[in-house]
Amino acid sequence: MTTSTLFVFFISLLALTKPNNVVCADVVDPNCPSRESIIKCAATHLDTNKNQKLEEKELDDAIGSLPWYARGVLKIIGSTKLIMKKCDYDKDGAIDMVTDMEATKDTCLATCFKKKAFKSAFFPDCGDSVTVETEL
């Protein structure tokens with residue numbers, strides 16, 4: 001038997017032995033916050049005028065309020081201008097928490113390291129859930 005034949009056999013066997021409509025838990029890495037969690041936490045902690053947009057001034061104010069060592073860590077993510085360039089898809093001077101964040105998921109907070117740095121700097125106690133339920 002070839003490797004691909006064995007693979008298809010095992011996948012078929014798993015499909016036959018797994019009951020329909022079983023709910024499984026996909027474990028989320030607790031060391032890597034989800035973008036969704038970061039967006040919700042940013043809306044709560046950084047969006048001071050509550051318009052569902054993180055404006056450049058709000059981001060500047062948030063970074064300015066951090067201790068010097070935390071600002072150093074955020075240099076990994078970039079300056080306010082670089083964050084706006086990577087995250088403000090429509091270039092209107094504000095990062096829309098819905099449209100811009102969805103459109104920039106490959107450039108804005110795209111790595112676990114950057115998500116962790118952003119979360120730990122601005123809202124370390126605002127958290128992710130540990131598991132996500134999915135129905136098969």
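Of the contacts in the protein with a separation of 6 or more, 66% are between residues 24 or more positions apart. Keep in mind as we go that this is a predicted model.

Let's set out the secondary structure. The protein has seven helices and four strands, and reading from the N terminus the elements follow the order α-β-α-β-α-α-α-β-α-α-β. Of its 136 residues, 32% count as buried. The accessible surface comes to about 9,000 Å², with 61% of that belonging to carbon and sulfur atoms.

Now to the cysteines, where the count comes to three disulfides. Start with Cys32 and Cys112, whose sulfur atoms are 2.4 Å apart. How do the two ends compare in burial? Cys32 has 15% relative accessibility and so counts as buried, being under the 20% cut-off.

The next disulfide joins Cys41 to Cys126, with an S to S distance of 1.9 Å. The link of Cys41 and Cys126 is left-handed, with -90° about the S-S bond. Cys41 lies in helix α2 and Cys126 in the loop between α7 and β4 (131–135), so this pair ties together parts that are 85 residues apart in sequence. Cys41 and Cys126 are both buried.

That leaves Cys87 and Cys108, joined by a disulfide with an S to S distance of 1.9 Å. Here the link is right-handed, with 90° about the S-S bond. Because Cys87 lies in helix α5 (residues 80–87) and Cys108 in the loop between α6 (99–103) and α7, the pair ties together parts that are 21 residues apart in sequence. Cys87 is buried, and Cys108 is buried too. If you number the bonded cysteines in sequence order, the pairing reads 1-5, 2-6, 3-4.

Finally, have a look at the aromatic rings, which give a count of three aromatic pairs. Trp68 and Tyr69 form an edge-to-face pair, 5.8 Å centre to centre with 85° between the planes. Are these two residues buried or exposed? Both Trp68 and Tyr69 are exposed. Elsewhere, ring pairs link Phe118, Phe122 and Phe123 into a cluster.

Terms used
Residues numbered from 1 in each chain as written. Predicted model: local features only at pLDDT ≥ 70, side-chain atom pairs only at ≥ 80, totals over all residues. Heavy atoms only, no water. Phe/Tyr/Trp six-rings, centres within 6.5 Å; stacked < 30°, edge-to-face > 60°. Buried < 20%, exposed > 50% of the residue type's maximum accessible area, 1.4 Å probe, protein only. Helix = DSSP H or I, 4+ residues; strand = E, 2+ residues; numbered from the N terminus. Contact = heavy atoms within 4.5 Å. Areas by Shrake-Rupley, 256 points an atom, 1.4 Å probe, with all protein chains shown as cover. Disulfide = S-S within 2.5 Å.
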